[in-house]
Amino acid sequence: MSKEQILSSDGIPLEQSLKKAERKNKLKAVLLVAPLFLFILIIYVFPIGDMLFRSVDDRMITKMLPKTFDAMEKWDGNDLPDEPVYKGLYEDLTYLKQNKTYGKIIARLNYEKSGFSSLIKKTVRKISKFEEGNYKEQFIKVHKRWSQPEYLVALKNTAPNWSYAKYLKGVDMTFDQDRKIVSVEEDRRIYKILWMRTLNVAFWVTIFCFILAYPISHLLATLPMKYSNLLMICVLLPFWTSLLVRTSSWMVLLQQQGPINDLIVWIGLAADDNRPELMYNVIGTFVAMTQILLPFMVLPLYSVMKTISPSLMRAGKSLGGTPLVSFLKIYFPLTIPGIGAGCLLVFILAIGYYITPALVGGASGSLISNTIAYHMKSSLDWAFASALGTMLLVGVLAIYWIYNKLVGIDNIKLG
Amino acid sequence: MALPNHTPLNYRIWHYTYLTFCGFVFFFLIAPLFVILPLSFNAEQYIHFSAKMLALDPEGFSLRWYEDMIYGTKNPWGLATKNSLFIAFFATIGSTILGTVAALGLSSRHMPYKAAFMALLISPMIVPLIISGTAIFFFMAKVGLAATHTGIILSHIILGTPFVVITVTATLSGFDHSVTRAAASLGSNPVNTFMKITLPLIMPGVISGALFAFVTSFDEVVVVLFLAGLDNTTIPIQMWVGLREQLSPTIMAVATCLIVMSTLILVTAELLRRRSERLRGINR
């Protein structure tokens with residue numbers, strides 16, 4: 001007997017009709033999400049992709065010296081190259097001189113190897129007097145560095161379109177003469193210190209926040225609604241208040257003539273003329289960031305603790321557990337999801353903090369974000385800023401991924 | 001939290017230590033905000049509690065910094081306030097509409113790859129602002145929207161939508177879908193159902209998301225620092241500039257106004273949250 005098909009009212013098999021309805025619903029849901037998805041894709045995700053692209057993009061010089069690099073392909077990079085390379089360089093530099101755009105390659109080449117700046121400037125100045133033929137000799141006559149292979153090797157090294165040199169710089173490494181990766185000199189290693197400091201501050205701020213937030217979340221979760229609502233304001237008001245307002249209040253408190261220093265002097269911990277420096281160093285960054293990020297720890301902890309029934313602790317007690325044992329064996333394990341959520345959130349926010357360290361951190365309390373901003377706005381090394389940004393982004397996305405696995409992104413609690 | 005009479009001494013000590021510690025933490029959270037209030041009424045131009053203020057002498061207090069904030073010569077606060085409100089208003093509208101619509105899709109059980117979409121749409125909240133600022137700056141410069149209100153509004157929409165998506169999906173998680181089916185069976189078309197049934201029920205979530213979006217835009221400084229020209233200055237930018245130079249009492253006056261504003265927003269958000277819980281039948 002063949003299987004009987006169930007038909008819907010309009011004569012289409014039910015299975016088919018259900019599938020159709022399912023497809024329609026799916027399409028409807030996707031269409032609802034689509035506008036925001038496209039918006040974020042175009043104005044946010046693509047620009048971030050563009051930033052990654054900028055951090056490795058090294059095509060500028062390749063485009064400006066095309067004939068040189070063409071000729072260099074046949075050169076093995078050992079001795080001095082032959083005439084065609086110099087001829088290409090002559091043609092490229094002449095062209096750049098006519099267009100007055102050689103300034104760009106000077107900066108790029110000088111970054112590759114110092115000494116290029118004067119070399120190119122001098123060559124460009126004299127290039128119009130060059131006679132046709134035998135360019136190699138004429139170049140060497142203008143500047144003897146053109147007879148030193150290391151300069152030509154450095155020039156050849158800039159030929160590839162893509163370069164990860166900025167990433168190496170971000171971890172205090174560089175290429176040496178033979179394109180080997182080495183650490184930079186001891187006294188120029190600043191980025192490793194910066195990364196370590198950023199991780200250090202983020203880690204300790206997370207720990208401090210946890211230590212401060214755990215007891216008060218417990219209190220908020222166990223007090224009767226009447227009182228806990230009132231105390232909750234202490235958590236939520238800073239949460240809703242402008243970051244700059246909160247930072248400026250810390251600047252008031254921590255300044256040399258500020259209330260905290262007054263208190264220290266009054267207690268007698270320091271002399272009036274020898275007030276401790278509480279701001280513009282890493283202490284200021286720690287204190288202000290802990291207070292500012294504390295609500296982000298309290299809210300997830302509170303929402304988890306709220307769901308723990310008080311009868312569990314009573315049960316523990318009635319079974320003979322001391323308060324400490326019942327806490328460690330019953331209460332604490334139940335709050336671990338909240339601890340994970342809070343700590344990851346605070347750590348993620350702390351690692352990319354910019355405003356507070358910039359205002360109260362000074363030089364010794366500035367973090368990786370501040371350095372990115374410096375390279376974006378002051379040194380204008382956008383490629384390097386992008387590389388540092390990409391490295392930070394990879395770290396944050398890794399933690400975000402863990403957060404998503406452990407907590408689920410839709411469980412973020414806001415107020 | 002009175003303890004029973006028979007509580008042993010060591011538990012008593014432990015309990016009061018715990019309460020004292022909590023009191024200290026609450027103080028640590030809230031006290032810094034209240035340092036600003038009296039200083040904004042300082043009659044002197046130093047950010048310091050003067051002897052007259054401590055003695056509560058009326059002469060130690062004045063409104064001159066508020067006057068300076070509003071009527072001061074060449075002061076930037078008027079333009080900054082106008083810009084901030086303008087940008088935050090349109091950014092809030094954009095975030096709220098885009099975020100609410102997306103949340104409706106994300107809450108549907110037919111949505112494919114829900115977790116991945118959610119993670120992507122929330123990411124502007126997680127990615128450090130300095131990275132968002134850098135990336136958005138490159139983009140806006142490329143399309144010619146740097147130093148325009150439009151560019152700043154678009155980037156603030158990006159930063160605000162995650163909050164709307166989160167609050168509205170949270171509201172929708174307790175949503176009883178049988179009411180929309182009932183409306184449909186009574187002959188209502190989807191748009192009508194949304195406007196008359198769904199929207200009023202999720203309104204508290206939408207408004208609290210909108211409040212978040214508003215505050216995010218109104219407080220945002222990093223992205224604006226990259227994008228703003230002289231005409232696009234906002235309150236946070238002016239505070240940032242002022243704080244980098246020196247602490248001035250006028251900034252304390254502005255900060256006080258912002259604290260008052262955030263208090264109002266907090267109260268509104270709290271009332272909405274309670275109303276939402278009542279509407280969704282969550283009793284605590």
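1. Which residues does Ala350(A) touch, not counting residues up to four places away in sequence? In this predicted model, the contacts of Ala350(A) are Val201(A), Ala202(A), Val205(A), Thr206(A), Met289(A) and Leu293(A).

2. Ala350(A) also belongs to the largest nonpolar core, which holds 162 residues. Together with Leu293(A), Val346(A) and Ala102(B), Ala350(A) touches the most other members of that core. Apart from it lies another core of 21 residues, including Ala71(A), Tyr90(A), Ile105(A) and Leu109(A).

3. The domain assignment divides chain A into domain 1 (13–45), domain 2 (59–161) and domain 3 (191–411). Between the C-alpha centres of domain 2 and domain 3 of chain A the distance is 53 Å.

4. For chain B, the assignment gives domain 1 (1–33), domain 2 (41–75) and domain 3 (79–279). Here the C-alpha centres of domain 1 and domain 3 of chain B are 38 Å apart.

5. The contact between the chains involves 72 residues of chain B and 69 residues of chain A. On the chain B side, the elements that give two or more residues include helix H4 (77–107), helix H9 (190–219) and helix H12 (249–279). The largest share, 14 residues, is contributed by H1(B), a helix that spans 9–40.

6. How many nonpolar, polar and charged residues does the side of chain B that touches chain A have? By class, that side has 59 nonpolar, eleven polar and two charged residues.

Technical notes
Residues numbered from 1 in each chain as written. Chains lettered and ligands numbered in written order. Predicted model: local features only at pLDDT ≥ 70, side-chain atom pairs only at ≥ 80, totals over all residues. Core = buried A, V, L, I, M, F, W, Y, C linked by C-beta atoms within 7 Å. Buried ≥ 20, exposed ≤ 12 C-beta atoms within 10 Å, placed from the backbone. Contact = placed C-beta atoms within 7 Å. Domains from an automatic or database assignment. Helix = DSSP H or I, 4+ residues; strand = E, 2+ residues; numbered from the N terminus. Nonpolar A, V, L, I, M, F, W, Y, C, P; charged D, E, K, R; others polar.
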